[in-house]
Amino acid sequence: MTDLAGKYRTYRLLGPFRNEVYTSEPANVEYILKTNFPNYGKGDYNNGLLRDLLGDGIFAVDGEKWRQQRKVSSYEFSTRVLRDFSSVVFRKNVGKLANILSEAANANEIVDIQDLFLKSTLDSIFKVAFGVELDSMCGTNAEGKAFTTAFDDASAATLFRYVDIFWKIKKFLNIGSEAALKKNIKVVDNFVYKLIHNKADQMRNSKDDDSSMKKDDILSRFLQVGDTDPTYLRDIILNFIIAGKDTTAATLSWFIYMLCEHPDVQEKIAQEVKEATNKMNEVKDFSEFAASITEESFEKMNYLHAAITETLRLYPAVPVDAKLCLSDDTLPDGFNVRKGDMVAYQPYAMGRMKFIWGDDAEEFKPERWLDENGMFRPENPFKFTAFQAGPRICLGKEFAYRQMKIFSAVLLHYFMFKLGDANKKVTYRTMINLHIDGGLHVRAFHRC
Ligand code: HEM
């Protein structure tokens, strides 16, 4: 697709059921995502595929249902309570991760760091969403483990529907992948509804709360303002979990991969973290160090921010993002699209286009994001599309950067990373999120 995008900024693939239009032209992207936003949505097609797992959650719907959830969720994500609570969770989880890496470094063992990031980010978003310790990192919660497996399998089966033309028949007959999907959704639902009911009971029973942490997770906050319909709560919160876990973990994995390929960048970040935290040399353990980095220090880490953003430019967690065209239209570059066409913009291909980024488009250069004073300089979101743009821009962008910066700062302060096998090709797995195929196997070395 990247090769095709290099030849044609917009092109059409003819299909038996619908035509697919792919564009990497920023003017078209702006038109689809903002100027004529109402004409490009999830549509009944995506909704039908996603509904069993995602319900009426923000990812699966358009129109009023979307608007209402967007409003509630935007408010929630902008609150100080959520910011502070999530930072505490991120700091604690990176402490756990660093302990595991430390043991691996002592034993000179290779670890699959993508697997560790996947567990850690799931634990983070789960704690922030439900206030419950899932602990998939250490595997201490058996029920949580069953939920995680069922949830991952259900997500994979939902994606499989996009290429399985027989899914509706299988669903009707309750056989094969659809029977498994139904079973897994039941496991997910039982677990989630139990958490919702427990929390609602807890809130009813607790009189005046002494523990502030108990009220800071998203579920508690929804319950406090009176949204108690369990299905609504299940849908809204499960969608956050889907949105938040794999995207952040995949990005952190590609980031570590880029740092292994560019040791000079790795050293520069370690140096930046050291300078931003230089008064904290006496700190003893990882969690204490993580807890003691101030928000202001993170704000100062412009190079780290640039390196994460550069990773997302080349390895966007959502590599292709498709919408359904709801009525005949003409894109700004003159390309005609028909009602029912799938219209997609391509963050992965766009990150590699010379006409957008210049001749060095395919090179990893964090400096391209910095101004002459070393301050981070954002790009036009219709060129840098990793977080989408317009009214449906990623709601968790700031949340994701905070988690990624906390994780990176702690890990790079204490460890240096090298690929486990420098000759092994690192490439992506073809799926909706851009995971590293087979994981990322690295060696961590203690820094001091
Ligand atoms: C590096 C990390 C992330 C990337 C690259 C990313 C990217 C994206 C993209 C491309 C979309 C549009 C998807 C679509 O077409 O429906 C999106 C939507 C969304 N993201 Fe993220 N995301 C990240 C992390 C997160 C996190 C951590 C959360 C929540 C905790 C989150 C919450 C959401 C939500 C709720 C939406 C739906 C917005 C809407 O439809 O109005 N994201 N994200």
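Tutor: Let's begin with a term: a residue is buried if 20 or more other C-beta atoms lie within 10 Å of its own, exposed if 12 or fewer, and partly exposed in between, with C-beta atoms placed from the backbone. You're looking at a predicted model, where local features need pLDDT of at least 70 and side-chain atom pairs count only at pLDDT 80 or more, while totals for chains, interfaces and linings use all residues. Residue numbers start from 1 along each chain as its sequence is written.

The part to look at is helix α18, residues 397–414. Helices here are DSSP runs (H or I, at least four residues), numbered from the N terminus.

One partner of α18 is helix α15, residues 302–314. The two pack at an angle of about 115°, with their axes 11 Å apart. That makes α15 roughly perpendicular to α18 (angles of 65 to 115 degrees count as roughly perpendicular, under 35 as roughly parallel, over 145 as roughly antiparallel and the rest as oblique). An axis is a line fitted to C-alpha atoms, for helices over the stretch in contact, and angles run from 0 to 180 degrees between N-to-C directions.

Who touches whom? On the α15 side, it's Leu304, His305 and Ile308, and on the α18 side Tyr401, Met404, Lys405, Ser408 and Ala409. Being in contact means that the C-beta atoms of two residues, placed from the backbone, lie within 7 Å. Sorted by class, this contact of α15 with α18 has 5 nonpolar, 2 polar and 1 charged residues. For the classes, Ala, Val, Leu, Ile, Met, Phe, Trp, Tyr, Cys and Pro count as nonpolar, Asp, Glu, Lys and Arg as charged, and the others, Gly among them, as polar.

While we're at α15, check out tyrosine 303, which lies in that helix. Tyrosine 303 counts as buried because it has 20 C-beta neighbours inside 10 Å. Leaving aside neighbours within four places in sequence, tyrosine 303 is in contact with Lys268, Ile269, Glu272 and Pro366.

Now for another partner of α18: helix α5, residues 80–106. The axes of α5 and α18 come within 10 Å and cross at roughly 35°, and this crossing is right-handed too. From α5, Ser86, Ser87, Phe90, Arg91, Val94 and Ala98 meet a set in α18 that includes Phe399, Arg402, Ile406 and Tyr414. The contact of α5 with α18 divides into 9 nonpolar, 3 polar and 2 charged residues.

Of the 22 residues around the ligand, Ala243, Gly244, Thr247, Cys394 and Gly396 come nearest (a residue is near a molecule if its C-beta atom, placed from the backbone, lies within 6 Å of it). By class, the shell holds 13 nonpolar, 6 polar and 3 charged residues.

One last stop is glutamine 388, in the loop between α17 (354–357) and α18. Phi of glutamine 388 is near 60°, a positive value in a residue other than glycine. Glutamine 388 also counts as buried, because it has 20 C-beta neighbours inside 10 Å.

Notes
Left-handed = near helix turned anticlockwise from the far one by under 90°.
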